[in-house]
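Look at the sequence and the model, then read on.

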Amino acid sequence: MEYRGKYPYFPYEKISTYPIKNRKNKVRQEDLYFPDRVMAMTPEFSHPELGNIADTIVKARDKGYPVIWLMGAHPVKAGMSPLIIDLMQRGICTLLCGNFASAIHDFELALIGETSEVVPNALPRGEFGLAAETGFYINDAMKWGNDRKLGLGETLGRVINGEAAQELKMEFPWKHESYLAQGYLKGVPVTIHATMGTDITDQHPNFDGECKGGCSGRDFGVFAAHVLEMHRKGGGVYLNVGSAVTGPEVFLKAVSMAANVGEPPTGLVTAYFDIRPANLEHMQDEHKHSYYFRDVKSVVTRIPEAFGGKGHYIQGDFFKAIPALYQEIRKRMG
């Protein structure tokens, strides 16, 4: 990435990388949660609102309402991708969204069938985030997508499915486990919402912020257009699964845009899943520290209250809460 400013600039050309095959990963094939396995499991998580949320999701889809699922990276690192893919394929999820870290883990699962490096081991050696294939391939893919003026989710979905194989020389043996790839094949939009300097791709010599920002910026337009459908269809559901910063802020801006053009998401239902305790009474008190947790404040209280909807907060370990939600949804689908 060219820089012509007056300030010192990091010497990217000095960065060294290493083959991803040499990296130890925490998440492998045997760690993934596949639908048949989950449906055979005894539920390990309960919450008084979980069944109501599952009911709302299934009934919303029966009525043709949008259901948006936005997540941080942890659901993918926890091995939940097969469940998310299954909900897309069953028509339950109409828009799947993630921060860029979730897409990076998904990309690695498609590429090598593993993901999630051991950060404490890699960081002291100056190797964290510097497996060659991950950074170089994704940055090259974003250049390919930006040249075509595509969104980031669509770009990576097309690349993983082999559309750019001749140009980019990449192969993805495990693409069936990629939500990016399967969303594109199913025709379910997948949007990735990135921030500069927060992702391991940004450490690599071929990083180009213009490509990353261009592709992700287009995805925000796709996301905001889907929020309009909540008004046009008469309702909708927004699930935020473990995204404490990106998800709340992206949704907040999109609903404001929708209201601005006269199509507010009236009556929407929101649900936020995370492991941290939350006190909803603090959302009205600026002297409480948790007032400043925008994930709970925006997703659970401020946005649904502004549009006559209802918000839920589900506290729990993702390894138990996500399979439980999946089970509850499947039960109600018949």
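This is a predicted model: local features need pLDDT of at least 70, side-chain atom pairs count only at pLDDT 80 or more; totals for chains, interfaces and linings use all residues.

Q: Which residues of S3 are buried on each side?
A: In a regular strand the side chains alternate between the two faces of the sheet. Both faces of S3 are covered. One side holds Leu 95, Cys 97 and Asn 99, and the other holds Leu 96 and Gly 98.

Q: Which residue in S3 is the bridge partner of Ile 68?
A: Two strands pair if DSSP finds at least two bridges between them. Strand S2 (residues 67–71) and S3 run parallel, joined by four bridges. The partner of Ile 68 in S3 is Leu 95.

Q: Which residue in S5 is the bridge partner of Gly 98?
A: S3 is also joined to S5 by four bridges, and the two run parallel. In S5, Gly 98 has as its partner Ile 192.

Q: Is Asn 99 buried or exposed?
A: Asn 99 lies in strand S3 (residues 95–99). Contact means heavy atoms within 4.5 Å. Not counting residues up to four places away in sequence, Asn 99 touches Met 71, Gly 72, Ala 73, Ile 192, His 193 and Thr 246. Its relative accessibility is 17%, so Asn 99 counts as buried.

Q: What does helix H13 span between its end C-alpha atoms?
A: The expected span of a helix is 1.5 Å times one less than its number of residues. H13 covers residues 294–306, and a straight helix of 13 residues would span 18 Å. H13 spans only 15 Å.

Q: Which elements are among those covering the buried residues of H13?
A: The buried residues of H13 include Val 296, Val 299, Val 300 and Ile 303. Their cover includes strand S6 (237–241), helix H12 (246–260), strand S7 (269–274) and strand S8 (310–315).

Q: How far apart in space are Thr 266 and Ser 298?
A: Thr 266 is in the loop between H12 and S7. It is partly exposed, with a relative accessible area of 48%. Thr 266 and Ser 298 are 32 residues apart in sequence. From C-alpha to C-alpha, their distance in space is 15 Å.

Q: Which element gives the largest share of the lining of the largest pocket?
A: A pocket is an open set of points on a 1 Å grid over the protein atoms alone, where a 1.4 Å probe fits, with protein on both sides within 12 Å along at least five of seven lines; lining residues have an atom within 4 Å of a point. The largest pocket is lined by 22 residues, with Ala 101, His 105, Phe 128, Thr 198 and Ile 200 nearest its centre. Two or more residues come from each of helix H5 (100–112) and strand S4 (115–117). The largest share, five residues, comes from H5.

Definitions and conventions: Residues are numbered from 1 along each chain as its sequence is written. Side-chain values use heavy atoms; hydrogens and water are left out. Buried means under 20% relative accessible area, exposed over 50%, partly exposed in between (1.4 Å probe, protein chains only).
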